[in-house]
2 protein chains.
Amino acid sequence: MNLHCDTCPVRGSAACAVLSDDERAALAKAGRSRTLNRGEMLFAAGDDEAACATLITGALKVSGIDKDGNEQILALVHPAGFIGELFAPFAHHDVVALTESRLCVFARSDLERAIDTYPALARALLRRSQEDLLASRNLLEMTGQASAEARLAALIHDFAAAASDTSCHIAARFELPLTRGEIASMLGLTIETVSRKLGELETAGAIRREGKRGIELVDPALLQALSGRQSA
Amino acid sequence: MNLHCDTCPVRGSAACAVLSDDERAALAKAGRSRTLNRGEMLFAAGDDEAACATLITGALKVSGIDKDGNEQILALVHPAGFIGELFAPFAHHDVVALTESRLCVFARSDLERAIDTYPALARALLRRSQEDLLASRNLLEMTGQASAEARLAALIHDFAAAASDTSCHIAARFELPLTRGEIASMLGLTIETVSRKLGELETAGAIRREGKRGIELVDPALLQALSGRQSA
DNA sequence: CGCCGCATTGAGTCGCGTCAAGTATAGTGG
DNA sequence: CCACTATACTTGACGCGACTCAATGCGGCG
(Lines give C-alpha, C1' and ligand atoms only; values in the text may rest on other atoms or scores of the structure.)
Protein backbone atom coordinates (compact mmCIF):
# COMPACT_ATOMS: atom_id res chain seq x y z
CA MET A 1 0.00 0.00 0.00
CA ASN A 2 1.32 3.38 -0.97
CA LEU A 3 1.82 6.34 1.29
CA HIS A 4 -0.44 9.37 1.32
CA CYS A 5 1.61 12.05 3.01
CA ASP A 6 -1.03 14.69 2.17
CA THR A 7 -3.41 13.31 4.75
CA CYS A 8 -0.83 12.11 7.24
CA PRO A 9 -1.75 13.28 10.76
CA VAL A 10 1.88 13.41 11.88
CA ARG A 11 3.05 15.12 8.74
CA GLY A 12 4.12 18.15 10.73
CA SER A 13 5.79 16.44 13.66
CA ALA A 14 7.46 13.29 12.35
CA ALA A 15 11.06 13.17 11.21
CA CYS A 16 10.06 13.58 7.57
CA ALA A 17 8.56 16.98 8.39
CA VAL A 18 11.96 18.54 7.80
CA LEU A 19 11.89 17.54 4.15
CA SER A 20 10.51 19.65 1.34
CA ASP A 21 7.41 18.41 -0.44
CA ASP A 22 9.47 17.13 -3.33
CA GLU A 23 11.94 15.37 -1.10
CA ARG A 24 9.21 13.78 0.93
CA ALA A 25 7.48 12.60 -2.19
CA ALA A 26 10.70 10.93 -3.29
CA LEU A 27 11.16 9.28 0.07
CA ALA A 28 7.54 8.17 0.09
CA LYS A 29 8.21 6.08 -3.00
CA ALA A 30 10.51 3.87 -0.97
CA GLY A 31 8.15 3.48 1.94
CA ARG A 32 4.83 1.83 2.40
CA SER A 33 1.97 1.98 4.85
CA ARG A 34 1.26 -0.87 7.21
CA THR A 35 -1.35 -1.56 9.85
CA LEU A 36 -0.78 -3.68 12.93
CA ASN A 37 -3.42 -5.06 15.26
CA ARG A 38 -2.90 -5.23 19.00
CA GLY A 39 -0.27 -7.82 19.76
CA GLU A 40 1.12 -7.93 16.23
CA MET A 41 4.86 -7.63 15.98
CA LEU A 42 6.70 -5.21 13.72
CA PHE A 43 9.93 -7.10 14.18
CA ALA A 44 11.55 -9.34 16.77
CA ALA A 45 14.87 -9.23 18.59
CA GLY A 46 17.47 -10.89 16.44
CA ASP A 47 15.87 -10.08 13.09
CA ASP A 48 18.62 -9.14 10.70
CA GLU A 49 16.43 -7.35 8.21
CA ALA A 50 14.41 -5.32 10.65
CA ALA A 51 12.67 -2.41 9.01
CA CYS A 52 12.48 1.19 10.16
CA ALA A 53 9.23 3.00 10.65
CA THR A 54 7.47 6.13 11.77
CA LEU A 55 4.36 5.59 13.86
CA ILE A 56 1.33 7.41 12.48
CA THR A 57 -1.43 6.40 14.86
CA GLY A 58 -1.69 3.98 17.77
CA ALA A 59 1.04 2.93 20.19
CA LEU A 60 3.90 0.47 20.25
CA LYS A 61 6.04 -1.10 22.90
CA VAL A 62 9.74 -1.92 22.72
CA SER A 63 10.52 -4.90 24.89
CA GLY A 64 13.18 -7.43 25.69
CA ILE A 65 12.93 -10.97 26.99
CA ASP A 66 15.23 -12.09 29.77
CA LYS A 67 16.45 -15.63 29.96
CA ASP A 68 13.57 -16.78 32.22
CA GLY A 69 11.19 -15.79 29.46
CA ASN A 70 9.92 -12.67 31.25
CA GLU A 71 9.11 -9.70 29.11
CA GLN A 72 10.42 -6.29 30.08
CA ILE A 73 9.06 -3.17 28.43
CA LEU A 74 11.88 -0.74 27.67
CA ALA A 75 10.04 2.04 25.89
CA LEU A 76 6.73 3.14 24.48
CA VAL A 77 6.38 4.71 21.05
CA HIS A 78 3.78 7.38 20.40
CA PRO A 79 2.61 8.81 17.07
CA ALA A 80 5.38 10.59 15.14
CA GLY A 81 7.89 8.40 16.96
CA PHE A 82 10.57 6.64 15.00
CA ILE A 83 11.52 2.96 15.38
CA GLY A 84 14.57 1.25 14.03
CA GLU A 85 18.20 0.64 14.81
CA LEU A 86 19.92 2.03 11.78
CA PHE A 87 23.46 0.88 12.38
CA ALA A 88 23.03 -2.40 14.21
CA PRO A 89 23.34 -5.60 12.17
CA PHE A 90 20.20 -6.97 13.81
CA ALA A 91 17.40 -5.76 16.08
CA HIS A 92 18.06 -5.94 19.81
CA HIS A 93 14.47 -5.80 20.97
CA ASP A 94 10.94 -6.75 20.03
CA VAL A 95 8.56 -4.08 18.79
CA VAL A 96 4.87 -4.88 19.24
CA ALA A 97 1.65 -2.93 18.76
CA LEU A 98 -0.27 -2.05 21.92
CA THR A 99 -3.32 -0.89 19.99
CA GLU A 100 -4.27 -0.98 16.35
CA SER A 101 -1.50 1.07 14.80
CA ARG A 102 -0.67 2.56 11.46
CA LEU A 103 2.95 2.91 10.42
CA CYS A 104 5.02 4.21 7.61
CA VAL A 105 7.62 1.52 6.96
CA PHE A 106 10.97 1.70 5.18
CA ALA A 107 13.61 -0.86 4.44
CA ARG A 108 16.72 -0.03 6.40
CA SER A 109 18.85 0.23 3.31
CA ASP A 110 16.46 2.74 1.76
CA LEU A 111 16.47 4.84 4.87
CA GLU A 112 20.24 4.82 5.08
CA ARG A 113 20.36 6.06 1.54
CA ALA A 114 17.83 8.75 2.39
CA ILE A 115 19.96 9.94 5.30
CA ASP A 116 22.88 10.47 2.98
CA THR A 117 20.74 12.16 0.38
CA TYR A 118 18.88 14.48 2.76
CA PRO A 119 21.14 15.78 5.53
CA ALA A 120 18.18 17.39 7.27
CA LEU A 121 16.72 13.94 7.77
CA ALA A 122 19.80 12.76 9.63
CA ARG A 123 19.52 15.79 11.85
CA ALA A 124 15.85 15.12 12.53
CA LEU A 125 16.53 11.50 13.39
CA LEU A 126 19.37 12.56 15.65
CA ARG A 127 16.96 14.77 17.48
CA ARG A 128 14.44 11.95 17.88
CA SER A 129 17.15 9.61 19.04
CA GLN A 130 18.24 12.03 21.71
CA GLU A 131 14.66 12.38 22.85
CA ASP A 132 14.35 8.62 23.05
CA LEU A 133 17.56 8.53 25.06
CA LEU A 134 16.14 11.07 27.45
CA ALA A 135 12.93 9.08 27.80
CA SER A 136 14.91 5.95 28.50
CA ARG A 137 16.91 7.69 31.19
CA ASN A 138 13.77 9.08 32.72
CA LEU A 139 12.41 5.56 32.95
CA LEU A 140 15.68 4.54 34.57
CA GLU A 141 15.29 7.25 37.17
CA MET A 142 11.71 6.26 37.75
CA THR A 143 12.46 2.60 38.31
CA GLY A 144 15.69 3.23 40.14
CA GLN A 145 14.85 3.73 43.75
CA ALA A 146 11.24 4.83 43.88
CA SER A 147 8.60 2.82 45.74
CA ALA A 148 5.98 0.84 43.87
CA GLU A 149 3.42 3.52 44.59
CA ALA A 150 5.63 6.33 43.32
CA ARG A 151 6.38 4.44 40.11
CA LEU A 152 2.73 3.87 39.40
CA ALA A 153 1.79 7.45 40.18
CA ALA A 154 4.49 8.73 37.84
CA LEU A 155 3.46 6.36 35.06
CA ILE A 156 -0.20 7.33 35.33
CA HIS A 157 0.78 10.96 35.22
CA ASP A 158 2.84 10.38 32.09
CA PHE A 159 -0.02 8.55 30.43
CA ALA A 160 -2.37 11.37 31.27
CA ALA A 161 0.05 13.80 29.65
CA ALA A 162 0.42 11.59 26.58
CA ALA A 163 -3.34 11.15 26.27
CA SER A 164 -3.90 14.87 26.07
CA ASP A 165 -3.99 16.43 22.63
CA THR A 166 -2.60 19.77 23.68
CA SER A 167 0.78 19.79 25.32
CA CYS A 168 -0.03 22.36 27.97
CA HIS A 169 -2.45 20.36 30.08
CA ILE A 170 -3.03 16.71 30.89
CA ALA A 171 -6.09 14.61 30.20
CA ALA A 172 -8.46 14.13 33.15
CA ARG A 173 -9.73 10.81 31.85
CA PHE A 174 -8.10 8.25 29.64
CA GLU A 175 -7.67 4.56 28.97
CA LEU A 176 -4.50 2.80 30.03
CA PRO A 177 -2.79 1.51 26.89
CA LEU A 178 -1.22 -1.31 28.88
CA THR A 179 -2.50 -4.37 30.69
CA ARG A 180 -1.58 -4.81 34.35
CA GLY A 181 1.06 -7.27 33.30
CA GLU A 182 2.59 -4.80 30.88
CA ILE A 183 2.58 -2.04 33.47
CA ALA A 184 4.29 -4.41 35.86
CA SER A 185 6.95 -5.34 33.33
CA MET A 186 7.60 -1.70 32.55
CA LEU A 187 7.98 -0.68 36.19
CA GLY A 188 9.83 -3.76 37.37
CA LEU A 189 6.96 -4.88 39.60
CA THR A 190 4.52 -7.79 39.65
CA ILE A 191 0.95 -7.85 38.44
CA GLU A 192 -0.29 -8.24 41.98
CA THR A 193 1.60 -5.24 43.29
CA VAL A 194 0.33 -3.09 40.43
CA SER A 195 -3.22 -4.14 41.14
CA ARG A 196 -2.89 -3.49 44.87
CA LYS A 197 -1.22 -0.11 44.51
CA LEU A 198 -3.81 1.00 41.97
CA GLY A 199 -6.42 0.19 44.57
CA GLU A 200 -4.51 2.21 47.15
CA LEU A 201 -4.22 5.19 44.80
CA GLU A 202 -7.98 5.03 44.39
CA THR A 203 -8.54 4.78 48.15
CA ALA A 204 -6.18 7.71 48.67
CA GLY A 205 -8.41 9.76 46.40
CA ALA A 206 -5.86 10.40 43.67
CA ILE A 207 -7.62 8.48 40.90
CA ARG A 208 -10.79 6.60 40.16
CA ARG A 209 -10.87 3.39 38.15
CA GLU A 210 -13.49 2.96 35.46
CA GLY A 211 -13.67 -0.57 34.28
CA LYS A 212 -10.42 -2.37 33.74
CA ARG A 213 -8.51 0.24 31.82
CA GLY A 214 -10.20 3.55 32.43
CA ILE A 215 -8.57 6.09 34.75
CA GLU A 216 -10.04 9.35 35.96
CA LEU A 217 -7.71 11.81 37.62
CA VAL A 218 -9.49 12.92 40.77
CA ASP A 219 -6.56 14.76 42.34
CA PRO A 220 -3.68 15.30 39.88
CA ALA A 221 -1.68 17.27 42.44
CA LEU A 222 -1.87 14.43 44.94
CA LEU A 223 -0.87 12.01 42.22
CA GLN A 224 2.15 14.09 41.40
CA ALA A 225 3.09 14.40 45.05
CA LEU A 226 2.92 10.63 45.45
CA SER A 227 5.08 10.21 42.37
CA GLY A 228 7.85 12.14 44.04
CA ARG A 229 8.52 14.48 41.15
CA GLN A 230 8.94 18.19 40.90
CA SER A 231 5.88 19.92 39.57
CA ALA A 232 6.58 20.41 35.87
CA MET B 1 44.02 25.20 24.94
CA ASN B 2 44.01 24.18 21.31
CA LEU B 3 43.29 20.77 19.95
CA HIS B 4 45.93 18.42 18.57
CA CYS B 5 43.99 15.93 16.52
CA ASP B 6 47.21 14.42 15.16
CA THR B 7 48.01 12.78 18.46
CA CYS B 8 44.43 12.15 19.59
CA PRO B 9 44.07 8.55 20.83
CA VAL B 10 40.42 8.38 19.81
CA ARG B 11 41.01 9.97 16.45
CA GLY B 12 39.90 6.83 14.69
CA SER B 13 36.86 5.97 16.76
CA ALA B 14 35.25 9.24 17.85
CA ALA B 15 32.49 10.93 15.91
CA CYS B 16 34.93 13.26 14.18
CA ALA B 17 36.65 10.25 12.61
CA VAL B 18 34.19 10.45 9.74
CA LEU B 19 35.54 13.84 8.70
CA SER B 20 38.35 14.41 6.26
CA ASP B 21 41.57 15.89 7.59
CA ASP B 22 40.64 19.31 6.29
CA GLU B 23 37.16 19.18 7.73
CA ARG B 24 38.44 18.03 11.09
CA ALA B 25 41.00 20.80 11.12
CA ALA B 26 38.24 23.32 10.53
CA LEU B 27 36.12 21.85 13.29
CA ALA B 28 39.10 21.78 15.62
CA LYS B 29 39.32 25.56 15.41
CA ALA B 30 35.97 25.82 17.17
CA GLY B 31 36.80 23.30 19.88
CA ARG B 32 39.23 23.29 22.72
CA SER B 33 40.80 20.76 25.00
CA ARG B 34 39.88 20.54 28.64
CA THR B 35 40.98 18.40 31.55
CA LEU B 36 38.77 17.44 34.48
CA ASN B 37 39.88 15.94 37.77
CA ARG B 38 37.87 13.29 39.57
CA GLY B 39 34.67 14.85 40.85
CA GLU B 40 34.84 17.91 38.61
CA MET B 41 31.68 18.68 36.73
CA LEU B 42 31.47 19.31 33.00
CA PHE B 43 28.01 20.78 33.35
CA ALA B 44 25.06 20.47 35.70
CA ALA B 45 21.40 19.68 35.18
CA GLY B 46 19.61 22.90 34.31
CA ASP B 47 22.57 24.64 32.66
CA ASP B 48 21.28 26.46 29.64
CA GLU B 49 24.61 26.83 27.96
CA ALA B 50 25.86 23.32 28.40
CA ALA B 51 28.68 22.44 26.08
CA CYS B 52 29.13 19.34 23.97
CA ALA B 53 32.21 17.18 24.16
CA THR B 54 33.97 14.06 23.03
CA LEU B 55 35.77 12.15 25.76
CA ILE B 56 39.41 11.47 24.91
CA THR B 57 40.70 9.69 27.99
CA GLY B 58 39.23 8.89 31.40
CA ALA B 59 35.61 8.22 32.31
CA LEU B 60 32.51 10.28 33.05
CA LYS B 61 29.20 9.63 34.70
CA VAL B 62 25.82 11.02 33.72
CA SER B 63 23.62 11.33 36.76
CA GLY B 64 20.40 12.79 38.03
CA ILE B 65 19.35 13.90 41.48
CA ASP B 66 15.95 12.94 42.81
CA LYS B 67 14.07 15.20 45.14
CA ASP B 68 15.46 13.53 48.29
CA GLY B 69 18.92 14.55 47.11
CA ASN B 70 19.95 11.04 46.14
CA GLU B 71 22.16 10.71 43.12
CA GLN B 72 21.31 8.17 40.46
CA ILE B 73 23.84 7.27 37.80
CA LEU B 74 22.16 6.96 34.42
CA ALA B 75 25.10 6.25 32.16
CA LEU B 76 28.85 5.99 31.97
CA VAL B 77 30.87 7.59 29.20
CA HIS B 78 34.02 5.94 27.90
CA PRO B 79 36.73 7.37 25.61
CA ALA B 80 35.40 8.34 22.16
CA GLY B 81 31.97 8.78 23.71
CA PHE B 82 30.00 11.91 22.99
CA ILE B 83 28.25 14.07 25.60
CA GLY B 84 25.71 16.75 25.00
CA GLU B 85 22.05 17.28 24.38
CA LEU B 86 22.03 19.11 21.10
CA PHE B 87 18.40 20.09 20.85
CA ALA B 88 17.36 20.60 24.44
CA PRO B 89 17.22 24.16 25.75
CA PHE B 90 19.07 23.07 28.90
CA ALA B 91 20.89 20.03 30.24
CA HIS B 92 18.76 17.41 31.96
CA HIS B 93 21.51 15.69 33.90
CA ASP B 94 24.83 16.28 35.59
CA VAL B 95 28.02 15.11 33.90
CA VAL B 96 30.94 14.49 36.24
CA ALA B 97 34.42 13.03 35.82
CA LEU B 98 35.03 9.68 37.52
CA THR B 99 38.76 9.83 36.91
CA GLU B 100 41.07 12.46 35.54
CA SER B 101 39.66 12.97 32.07
CA ARG B 102 40.60 14.78 28.92
CA LEU B 103 37.87 16.11 26.67
CA CYS B 104 37.43 17.91 23.43
CA VAL B 105 34.81 20.57 24.11
CA PHE B 106 32.60 22.53 21.71
CA ALA B 107 30.01 25.20 22.22
CA ARG B 108 26.64 23.83 21.30
CA SER B 109 26.06 26.49 18.68
CA ASP B 110 29.34 25.65 16.97
CA LEU B 111 28.52 21.98 16.92
CA GLU B 112 25.07 22.61 15.50
CA ARG B 113 26.68 24.59 12.72
CA ALA B 114 29.12 21.77 12.13
CA ILE B 115 26.30 19.27 11.81
CA ASP B 116 24.76 21.32 9.05
CA THR B 117 28.08 21.85 7.33
CA TYR B 118 29.24 18.23 7.49
CA PRO B 119 26.37 15.78 6.97
CA ALA B 120 28.63 12.87 7.79
CA LEU B 121 29.01 14.27 11.29
CA ALA B 122 25.26 14.21 11.87
CA ARG B 123 25.25 10.62 10.76
CA ALA B 124 28.09 9.74 13.11
CA LEU B 125 26.39 11.42 16.04
CA LEU B 126 23.16 9.63 15.19
CA ARG B 127 25.03 6.39 15.39
CA ARG B 128 26.51 7.27 18.78
CA SER B 129 23.14 8.37 20.03
CA GLN B 130 21.59 5.08 19.06
CA GLU B 131 24.39 3.25 20.83
CA ASP B 132 23.80 5.31 23.94
CA LEU B 133 20.12 4.50 23.70
CA LEU B 134 20.93 0.82 23.51
CA ALA B 135 23.23 1.10 26.52
CA SER B 136 20.54 2.88 28.47
CA ARG B 137 18.03 0.17 27.66
CA ASN B 138 20.50 -2.50 28.62
CA LEU B 139 20.88 -0.83 31.99
CA LEU B 140 17.11 -0.77 32.26
CA GLU B 141 16.97 -4.48 31.61
CA MET B 142 19.72 -5.08 34.11
CA THR B 143 18.06 -3.13 36.90
CA GLY B 144 14.59 -4.26 35.99
CA GLN B 145 13.98 -7.50 37.77
CA ALA B 146 17.38 -9.01 38.45
CA SER B 147 18.56 -9.78 41.97
CA ALA B 148 21.21 -7.66 43.64
CA GLU B 149 23.79 -10.36 43.00
CA ALA B 150 22.94 -10.63 39.31
CA ARG B 151 23.15 -6.86 38.87
CA LEU B 152 26.57 -6.71 40.46
CA ALA B 153 27.86 -9.65 38.49
CA ALA B 154 26.67 -8.08 35.25
CA LEU B 155 28.19 -4.72 36.10
CA ILE B 156 31.55 -6.23 36.99
CA HIS B 157 31.51 -8.16 33.77
CA ASP B 158 30.81 -4.99 31.81
CA PHE B 159 33.61 -3.16 33.56
CA ALA B 160 35.99 -5.97 32.77
CA ALA B 161 35.02 -5.73 29.13
CA ALA B 162 35.43 -1.95 29.14
CA ALA B 163 38.81 -2.16 30.87
CA SER B 164 40.20 -4.41 28.15
CA ASP B 165 42.00 -2.74 25.28
CA THR B 166 41.07 -5.30 22.69
CA SER B 167 37.38 -5.91 22.11
CA CYS B 168 37.60 -9.66 21.79
CA HIS B 169 38.48 -10.56 25.36
CA ILE B 170 37.90 -9.08 28.77
CA ALA B 171 40.43 -7.86 31.30
CA ALA B 172 41.28 -10.31 34.10
CA ARG B 173 42.19 -7.55 36.51
CA PHE B 174 41.09 -3.96 36.73
CA GLU B 175 40.15 -1.13 39.05
CA LEU B 176 36.52 -0.26 39.63
CA PRO B 177 35.99 3.29 38.38
CA LEU B 178 33.16 3.78 40.88
CA THR B 179 32.91 3.96 44.64
CA ARG B 180 30.52 1.60 46.41
CA GLY B 181 28.04 4.40 46.67
CA GLU B 182 28.21 5.07 42.95
CA ILE B 183 27.79 1.40 42.13
CA ALA B 184 24.79 1.34 44.43
CA SER B 185 23.24 4.38 42.78
CA MET B 186 23.77 2.91 39.34
CA LEU B 187 22.19 -0.43 40.19
CA GLY B 188 19.40 0.88 42.37
CA LEU B 189 20.81 -0.72 45.50
CA THR B 190 22.32 0.50 48.78
CA ILE B 191 25.98 0.76 49.70
CA GLU B 192 25.59 -1.99 52.27
CA THR B 193 24.03 -4.41 49.83
CA VAL B 194 26.77 -3.77 47.29
CA SER B 195 29.42 -4.41 49.89
CA ARG B 196 27.78 -7.60 51.11
CA LYS B 197 27.16 -9.03 47.66
CA LEU B 198 30.73 -8.25 46.62
CA GLY B 199 31.84 -10.30 49.59
CA GLU B 200 29.56 -13.13 48.55
CA LEU B 201 30.89 -13.06 44.98
CA GLU B 202 34.37 -13.39 46.44
CA THR B 203 33.34 -16.26 48.71
CA ALA B 204 31.65 -17.96 45.77
CA GLY B 205 35.00 -17.87 43.97
CA ALA B 206 33.95 -15.65 41.09
CA ILE B 207 36.19 -12.70 41.92
CA ARG B 208 38.91 -11.62 44.30
CA ARG B 209 39.07 -8.15 45.81
CA GLU B 210 42.37 -6.31 45.89
CA GLY B 211 42.22 -3.29 48.12
CA LYS B 212 39.12 -1.16 47.87
CA ARG B 213 38.81 -0.88 44.13
CA GLY B 214 40.79 -3.70 42.59
CA ILE B 215 38.98 -6.69 41.11
CA GLU B 216 40.50 -9.90 39.81
CA LEU B 217 38.30 -12.20 37.78
CA VAL B 218 38.87 -15.66 39.22
CA ASP B 219 36.05 -17.40 37.38
CA PRO B 220 34.58 -15.27 34.59
CA ALA B 221 32.21 -18.03 33.50
CA LEU B 222 30.77 -18.28 37.00
CA LEU B 223 30.42 -14.51 37.09
CA GLN B 224 28.50 -14.53 33.85
CA ALA B 225 26.29 -17.35 35.04
CA LEU B 226 25.45 -15.41 38.20
CA SER B 227 24.65 -12.34 36.10
CA GLY B 228 21.93 -14.27 34.34
CA ARG B 229 22.99 -13.36 30.81
CA GLN B 230 23.54 -15.33 27.68
CA SER B 231 27.17 -15.98 26.96
CA ALA B 232 28.20 -13.24 24.53
C1' DC C 1 47.47 12.23 66.54
C1' DG C 2 42.65 13.06 65.45
C1' DC C 3 39.60 13.71 61.92
C1' DC C 4 37.05 12.33 57.75
C1' DG C 5 35.50 9.72 53.90
C1' DC C 6 34.85 5.15 52.45
C1' DA C 7 34.02 0.37 53.31
C1' DT C 8 32.57 -3.61 56.04
C1' DT C 9 29.64 -6.15 59.13
C1' DG C 10 25.66 -7.21 62.07
C1' DA C 11 20.75 -7.15 63.76
C1' DG C 12 16.15 -6.05 62.89
C1' DT C 13 12.35 -4.61 59.89
C1' DC C 14 9.37 -4.04 55.98
C1' DG C 15 7.97 -3.81 51.15
C1' DC C 16 7.22 -6.44 47.60
C1' DG C 17 7.41 -11.05 45.48
C1' DT C 18 5.36 -15.65 45.69
C1' DC C 19 1.71 -18.76 45.94
C1' DA C 20 -3.02 -19.52 45.89
C1' DA C 21 -7.97 -18.52 45.46
C1' DG C 22 -11.51 -16.17 43.72
C1' DT C 23 -14.03 -12.56 40.58
C1' DA C 24 -15.22 -10.14 36.17
C1' DT C 25 -15.82 -9.86 31.17
C1' DA C 26 -15.58 -11.28 26.50
C1' DG C 27 -15.67 -14.66 23.15
C1' DT C 28 -17.11 -19.27 21.34
C1' DG C 29 -19.84 -22.98 20.13
C1' DG C 30 -23.90 -25.75 20.94
C1' DC D 1 -29.74 -18.04 25.06
C1' DC D 2 -26.78 -20.51 27.87
C1' DA D 3 -22.84 -23.25 29.30
C1' DC D 4 -17.89 -23.29 28.71
C1' DT D 5 -13.44 -21.41 28.29
C1' DA D 6 -9.95 -17.96 28.15
C1' DT D 7 -7.95 -13.87 29.68
C1' DA D 8 -7.46 -10.21 32.71
C1' DC D 9 -7.86 -8.58 37.17
C1' DT D 10 -8.40 -8.61 42.33
C1' DT D 11 -7.53 -10.08 46.97
C1' DG D 12 -5.37 -12.56 50.88
C1' DA D 13 -1.64 -14.99 53.55
C1' DC D 14 3.11 -15.65 53.99
C1' DG D 15 8.21 -15.44 53.41
C1' DC D 16 12.41 -13.55 51.74
C1' DG D 17 15.61 -10.20 50.00
C1' DA D 18 17.05 -5.84 50.36
C1' DC D 19 16.74 -1.52 53.15
C1' DT D 20 17.54 0.75 57.68
C1' DC D 21 20.00 1.72 61.60
C1' DA D 22 24.13 1.26 64.03
C1' DA D 23 28.80 0.03 65.15
C1' DT D 24 33.44 -0.81 63.63
C1' DG D 25 37.61 -0.93 60.56
C1' DC D 26 40.73 1.32 57.61
C1' DG D 27 43.61 4.59 55.03
C1' DG D 28 44.85 9.40 53.93
C1' DC D 29 45.81 14.00 55.34
C1' DG D 30 46.25 18.25 57.89
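**Exercise 1. Determine the area buried between chain A and chain B in this predicted model, and state what share of that area carbon and sulfur atoms give.**

Solution. Step 1: the buried area between chain A and chain B comes to about 3900 Å². Step 2: carbon and sulfur atoms give 58% of this area. Step 3: on the side of chain A, the residues that lose the most area to chain B are Phe87(A), Arg123(A) and Leu140(A), which together make up 19% of what that side buries.

**Exercise 2. Count the residues of each chain that are in contact across the interface of chain A and chain B, and identify which elements of chain A supply at least two residues to its side.**

Solution. Step 1: the contact involves 41 residues of chain A and 41 residues of chain B. Step 3: at least two residues each come from β4 (60-65), β5 (71-77), α2 (108-117) and α3 (119-145) of chain A. Step 4: among the contributors, α3(A) gives the most, with 19 residues. Step 5: sorted by class, the side of chain A that touches chain B holds 15 nonpolar, 15 polar and 11 charged residues.

**Exercise 3. State how many salt bridges the rule finds across the interface of chain A and chain B, and describe the one formed by Arg123(A).**

Solution. Step 1: the rule finds 2 salt bridges across this interface. Step 2: in one of them, Arg123(A) is paired with Asp116(B), and their closest N and O atoms are 2.9 Å apart. Step 3: Arg123(A) is also one of the residues of chain A that lose the most area to chain B.

**Exercise 4. Characterise the surface near DNA strand D by its residue classes and by the residues that come nearest.**

Solution. Step 1: 18 residues lie around DNA strand D, and Arg180(A), Ser195(A), Arg209(A), Ala148(B) and Thr193(B) come nearest. Step 2: of the atoms of DNA strand D within 4 Å of the protein, sugar and phosphate account for 62%. Step 3: the residues of this surface comprise 3 nonpolar, 6 polar and 9 charged.

**Exercise 5. Specify which part of DNA strand D is approached by Arg196(A), by Arg209(A) and by Ala148(B).**

Solution. Step 1: a side-chain N or O atom of Arg196(A) is 2.8 Å from a base nitrogen of DNA strand D. Step 3: Ala148(B) places a backbone N or O atom 2.8 Å from a phosphate oxygen of DNA strand D. Step 4: the elements giving two or more residues to the surface near DNA strand D are α6 (191-203) of chain A and α6 (191-203) of chain B.

Notes: Residues are numbered from 1 along each chain as its sequence is written. Chains are lettered from A and ligands numbered from 1 in the order in which they are written. This is a predicted model: local features need pLDDT of at least 70, side-chain atom pairs count only at pLDDT 80 or more; totals for chains, interfaces and linings use all residues. Side-chain values use heavy atoms; hydrogens and water are left out. A residue is near a molecule or strand if one of its heavy atoms lies within 4 Å of it. A polar contact is a pair of N or O atoms within 3.5 Å; within protein, one must be able to donate a hydrogen and the other to accept it, and residues adjacent in sequence count only if both atoms are side-chain atoms. Helices (H or I, at least four residues) and strands (E, at least two) are DSSP runs, numbered from the N terminus. Ala, Val, Leu, Ile, Met, Phe, Trp, Tyr, Cys and Pro count as nonpolar, Asp, Glu, Lys and Arg as charged, and the others, Gly among them, as polar. Contact means heavy atoms within 4.5 Å. Buried area is the accessible area (1.4 Å probe) that two parts lose on being put together, summed over both. A salt bridge is a side-chain nitrogen of Lys or Arg within 4 Å of a carboxyl oxygen of Asp or Glu.
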